[in-house]
Amino acid sequence: MKLSDSINKTRKNTVLIAEIGLATTALVGLNQLWYKDYPRSDFHFINDNSEWLQMDKLGHFYSAYHLNRIGSETMNWAGASKKQQWVYGSALSLGFLTTVEIFDGFSEKWGASPGDIIANLSGTGLYVSQELLWKEQRIVPKFSFHTTQYAAMRPDVLGASFQEQILKDYNGQTYWLSVNLHSFFKNSKIPKWFNLALGYGGEGMVFGEDFASNDPNLSYIKRKRQFYLSFDADLTKIETKSHFLKTLFSIVNNLKIPAPTVKLGSDRDVDFYGCYF
């Protein structure tokens, strides 16, 4: 996107209207996908920090970071100052995710989670702190997903369709911290786009917590954490004169590219994947 040298009211209004509309649509869609089939209750808090091997917390961290990034970059396009970008990006991120937390708080099945709130603040903080410290994003949270056998075991919870599984099946999700090496070694010959990524995931999460089952088809399932080391690319560091490609690279840079990966399981087993996503 072509940047403005000073605040442009037309662009600013375009950003505000577009993002309010998109946020509203996303919240309505989330309500239909996630909450509509469950009864409501009085607003309440829960402690769910031990559930899903904390994958849901990483989802909040990841979402908060990228909502902040999107808000900041669009206001940059509108010509806002750096401080205005950070304030708007943080307001967009925390405003949207706090609304989601309110939805949880009024749902009988869930509840507002202090752990989620801390993760939201941490994701927003990662973006702003890097801008303050380095004036660039050297460490970017990323996401990858693959379908798993577990969704079919509890499709009502883990998702019946691919679209639902991306959100609900934590077994297929991997969250990454993708580190741009050239940013830390400016005088090196490391390609500007080259990243190393540290990932975290888990499997065996048919239920939020450990469970005991008399069903022989489920009794073998054990939850375990998984840690990953892989190559990645910061697409925003690829040089191009095309405004379209710059925008496209910025949009898809929240996803980890498929690449050779080493996995270390919590039971100390080591696996190598020629191409993991």
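Contact here means heavy atoms within 4.5 Å. The structure is a predicted model.

Two packed helices are described by the angle between their axes and the distance between the axes. Helix H2 spans residues 55-77, and helix H3 spans residues 82-105. Their axes come within 7 Å and cross at roughly 140°. Angles over 145 degrees would count as roughly antiparallel. H2 and H3 are therefore oblique to each other. Their crossing is right-handed. On the H2 side, the contact is made by His60, Ser63, Ala64, Leu67, Asn68, Gly71, Ser72, Thr74, Met75 and Asn76. H3 contributes Gln85, Trp86, Tyr88, Gly89, Ser90, Leu92, Ser93, Phe96, Leu97 and Glu101. By class, the residues of this contact are eight nonpolar, eleven polar and one charged.

H2 also packs against helix H4, which covers residues 114-134. The axes of H2 and H4 come within 7 Å, and they cross at roughly 40°. Roughly parallel would require an angle under 35 degrees. H2 is therefore oblique to H4. This crossing, too, is right-handed. From H2, the residues that meet H4 are Asp56, Lys57, His60, Phe61, Ala64, Tyr65, Asn68, Arg69 and Ser72. Their partners in H4 are Gly115, Asp116, Ala119, Asn120, Ser122, Gly123, Thr124, Leu126, Tyr127, Val128 and Gln130. The contact of H2 with H4 has seven nonpolar, nine polar and four charged residues.

His60 lies in helix H2. The relative accessibility of His60 is 13%. Buried means under 20%, so His60 counts as buried. Setting aside residues up to four places away in sequence, His60 touches Leu97, Glu101, Asp116, Ala119 and Asn120. Two of these partners also make polar contacts with the His60 side chain. The side chain of Asp116 is joined to that of His60 by a polar contact of 3.3 Å. The side chain of Asn120 is joined to that of His60 by a polar contact of 3.0 Å. His60 and Trp176 are 116 residues apart along the chain. Their C-alpha atoms are separated by 13 Å.

Arg69 is another residue of helix H2. At 9% relative accessibility, Arg69 also counts as buried, because the limit for that class is 20%. A polar contact of 3.0 Å joins its side chain to the side chain of His66. The Arg69 side chain also reaches the backbone oxygen of Ser250, at 3.2 Å. Apart from neighbours within four places in sequence, Arg69 is in contact with Tyr127, Ser250, Ile251 and Asn254.

Ala26 is found in helix H1, residues 9-35. Its relative accessibility is 36%, so Ala26 counts as partly exposed. Ala26 and Phe96 are 70 residues apart in sequence. In space, they are 9.5 Å apart, C-alpha to C-alpha.

Terms used: Residues are numbered from 1 along each chain as its sequence is written. This is a predicted model: local features need pLDDT of at least 70, side-chain atom pairs count only at pLDDT 80 or more; totals for chains, interfaces and linings use all residues. Side-chain values use heavy atoms; hydrogens and water are left out. Axes are lines fitted to C-alpha atoms, for helices over the stretch in contact, and angles run from 0 to 180 degrees between N-to-C directions. Helices (H or I, at least four residues) and strands (E, at least two) are DSSP runs, numbered from the N terminus. Angles under 35 degrees count as roughly parallel, over 145 as roughly antiparallel, 65 to 115 as roughly perpendicular and the rest as oblique. A crossing is left-handed if the near helix is turned anticlockwise from the far one by less than a right angle, and right-handed if clockwise. Ala, Val, Leu, Ile, Met, Phe, Trp, Tyr, Cys and Pro count as nonpolar, Asp, Glu, Lys and Arg as charged, and the others, Gly among them, as polar. Buried means under 20% relative accessible area, exposed over 50%, partly exposed in between (1.4 Å probe, protein chains only). A polar contact is a pair of N or O atoms within 3.5 Å; within protein, one must be able to donate a hydrogen and the other to accept it, and residues adjacent in sequence count only if both atoms are side-chain atoms.
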